[in-house]
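Hi there,

Here is the structure I promised to pass on to you. Have a look at it first, and then read my notes below.

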Amino acid sequence: MELTGAEIVIRCLQEEGVEYIFGYPGGAVLHIYDALFQQDRVKHILVRHEQAAIHAADGYARSSEKVGVALVTSGPGITNAVTGIATAYLDSIPMVIISGQVPTFAIGEDAFQEVDAVGITRPCVKHNFLVKDVKDVSVTIKKAFYLAKSGRPGPVLVDIPKDISNHKTDFIYPGNVCIRSYNPVGKGDSKQIKRAVQMLLEAKRPMIYSGGGVVLAGAAAQLTELVRLLGFPCTNTLMGLGGYPATDKQFVGMPGMHGTYEACMAMQYCDVLIAIGARFDDRVIGNVEHFAQVSRKIIHIDIDPSSIAKRVKVDVPVVGDLKLVLDQLLAELRNGKQKPDASDLASWWKQVDEWRVKGGGLRYKNSTEIIKPQYVIEKLYEITGGDAFVTSDVGQHQMWAAQYYKFNKPRRWINSGGLGTMGFGLPAAMGVQLINPGATVACVTGEGSIQMNIQELSTCKQFHLPIKVLSLNNRYLGMVRQWQEFFHGNRYSESYMDALPDFVKLAEAYGHIGMRIDSPSDVEPVLKEAFARKKDLVFMDFQTDPTENVFPMVPGGKGLSEVILAEDL
Amino acid sequence: MRHIISLLMENEAGALSRVAGLFSARGYNIESLAVAPTEDPTLSRMTIVTSGSDAVIEQINKQLNKLIDVAAVMDLSDGDHLERELMLVKVRSEDAACDSLKRILSSFHGRVIDESNSTCTIELTDTCAKLDEFLLAIGRNMILETVRTGASGIGRGDRILKL
C-alpha cells in the first residue's frame, strides 16, 4: 500500500518501538503532525520551545537505553534545537531528530523559515541526512536509528522537505541496514588485552578512571566486577557517576576541577592509569603539560579511536565496545593465576587514605542561620534513599549535586557534562519521568539556569509530570561569581540576578505547587512534604548562601595536584 | 611535517563539506584538496595535503575515519607514493616567445596548450614542489594567471586504496 512520506515517518517510529517523541509543530512538518494525529502508538509531547524537545529526548535516552526522538519544524525550529543537539553530541547521547524543511523546489531560495539544517547541524551531529526522494524516507530513518545507537552513540538528524512528506510510495521498513563506510567496533584486540592485564598486574600504584562511556555501554556491572577483582581505587568522571557505586570504599570520588582531593592526587601520582570510556577532558586532568610531568603508564579503552591519544600519550590503546572489552579483561584476569602484589597495593591504599584524610572529604560549614546548598543535596540524598533520578542544570548546583548525591547506579545522574548547557535540567527531567513513570525524579537547578527553560513548567502540567524542582537560589550566577571572586578581583560583573520573579507564584501560575524555603530548619520537612506529593510537581525555591563556593577546585589551566581546598583561601 | 592523505568517500552531496568542515572546526591545516568521482561513480577519491605534528596527523586520520561518509583513509606519506599536480599558467605572448622561457618550459616538460595574439597558456604536470620551482624560475612578473589543482596522490606498486 502506498503511504505518504509523513505516514512513513510515523510508521518507521512505530517499527522502532518509539513510545514518546518530543516536538513542536510548524509549517514544514504539518503533514507529519497530520499523520501523527491519525494514530495513537507514538505519543507526542508538546514542549514550549524546541530546545526543550531535544533535552527531553536526551533525558529520555540517558535514563533508559533507548534512542530519544524529537520532531521540529524548519528554520527557527531547527535553530532552536541546535543547542540541544550539541548537548547530546558532546555527551554521545543516542538520538534521532526529524526536522521539516521547505519544499525541495524552494530550497536555496531563502524561502520562509528556510535554513540549511544539514549545514548548521553538521559539526554537532554524528551524521545527518537531507531526504530528497520519498522512496528514501524509510531507509534513511532506519539508518538514523542504527547510527544513533551503534558504535559511539550520538544524535542523527533527518531533514525532510515538506513536499517529500506529502509524496507517496510503497512502505517497506528494512529489517537492517548496512553502511559500507561505517563499521562499529566490537571486541578489543586480544594482544592488547593481554598487555593491559600484564600492566595492571605489575602496577604498584594503579588507578581506575572511568567515564560516561561505561554508563552508555551498559558496562557498569563489568566495571564494578573489575574494580573489586583488582582491589584498585576507582574514580568516576562527572559523566561516569553511577558507573561504580559511590558508597563503596574503593570509590575515591569524582576527579577533576571539582573532584575530591584523593581522586585528583591518585590520578596524578598513580603509576598505571586505566581509562575506561573517559577522554582526559580538560575539566578532568586540568593542564595537560602538568599532567604529563609525572610519568605513568596509561591504558585507554574506548569505542572511539579518536578519543585515544587525543590529549595524552597512551601506552596500551584498546579500541572496542566497553562491555565486551571489560568481559575480555575479566576473563584474562581470571584465567591467569597472577594477582596484584598485595603489599604494593596496601602501601598505595595507605597513600590514598592519607590523601583522603588530608582532603578531609567533601565538607562544608553548615549553618543554622542560612541554608547551605550542600545541605540541601545531602538531605535530598537521604530523603530519596539515594535512589532518585537526578537531573541538573549547569553551575555550582550541578557540582554540589555531583559531589553530595552518591550515585550507586548508572543512568541516575543526568547532566550536561560536555557542553555545559544551562536550561538542560527541567526538560531533561520530563524525558526521564516519562520513560520512568512512578520513579522519583528531582531536578537540581539554580535561579539562573531554571529561567532558561522555565516555560516547560507548562509542559509538565499538561502531561502530569510530578518532577521535584530544587532551585538553589543564591541570587547569583554562582559559578561565574565564584570565578570572579577567585580570579577577577571580586568584580562581580553581571553575575548578580536582579529582579528575580516570585518563583512560588510563578510555579502556582503554571498550576503547580511552589514553596519558598528560607531557614535551614525547614529544608528537611519541606523536602519530605514535597517528595510525599507523588502526583504533583513541586517547585522548591531554596534561599541559599550567596557566598558559598564549590570546593575542592583545580583552577582552570592548573594541574591536578594544584587543587585548592576550602581552607587554602 | 607535510602529509598526503588519500581517502575514499561516498559520492554524496555534503560529503566534501563534512571533510572541509572537520579541518576548519578542529584547526587543522589544508594546503590543498583535490576530489573527483572514481571509476565507481558512488565513490569519490580525495587527496588532502596537510601538515602537522605526528599527534595531529594521527588525529586527522582518526577523525577522517570517524566521518560516516568516509570509507577508507590512507596516509600516503607512510610509504612510497607518487604525487602529481596539474598547473595552468598564462603569460604574455612576447614573454612566451623569449628563449629563456622556452628553455625553462622544456626543462620542466611543460607544453603550450593555447595561444592568442596577446597571451599564451602553459600546462605542466608534476609534483607540487616542482611546480613551485617552475613558478620561481619564470618569476612572478611574467605570470598573468596561475591555476593549480592541488596534488593527487597514489601509492607506489602494490599500495592500493580500494574498497
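Leu470(A) has Met540(A), in β19(A), as its bridge partner. This is a predicted model, in which local features need pLDDT of at least 70 and side-chain atom pairs count only at pLDDT 80 or more, while totals for chains, interfaces and linings use all residues. Residues are numbered from 1 along each chain as its sequence is written, and chains are lettered from A and ligands numbered from 1 in the order in which they are written.

Strands β17 (residues 468-473) and β19 (residues 538-543) of chain A run parallel and are joined by 6 bridges. (Strands are DSSP runs of E with at least two residues, and helices are runs of H or I with at least four, numbered from the N terminus; two strands pair if DSSP finds at least two bridges between them.) Both belong to an open, parallel sheet of 6 strands in chain A, ordered β15-β14-β16-β17-β19-β18. At its edges are β15 (413-414) and β18 (513-517) of chain A, each with a single partner strand, so one side of each has no neighbour in the sheet.

Now for a helix: α4 (residues 76-90) of chain A has 15 residues. Is α4(A) enclosed or open? Because 11 of its 15 residues are buried, α4(A) is largely enclosed by the rest of the structure. (Buried means 20 or more other C-beta atoms within 10 Å of a residue's own, with C-beta atoms placed from the backbone.) Among the buried residues are Gly77(A), Ile78(A) and Tyr89(A). After α4(A) comes Ser92(A), with a positive phi near 55°.

Happy exploring!

How values were computed. The expected span of a helix is 1.5 Å times one less than its number of residues. A residue is buried if 20 or more other C-beta atoms lie within 10 Å of its own, exposed if 12 or fewer, and partly exposed in between; C-beta atoms are placed from the backbone.
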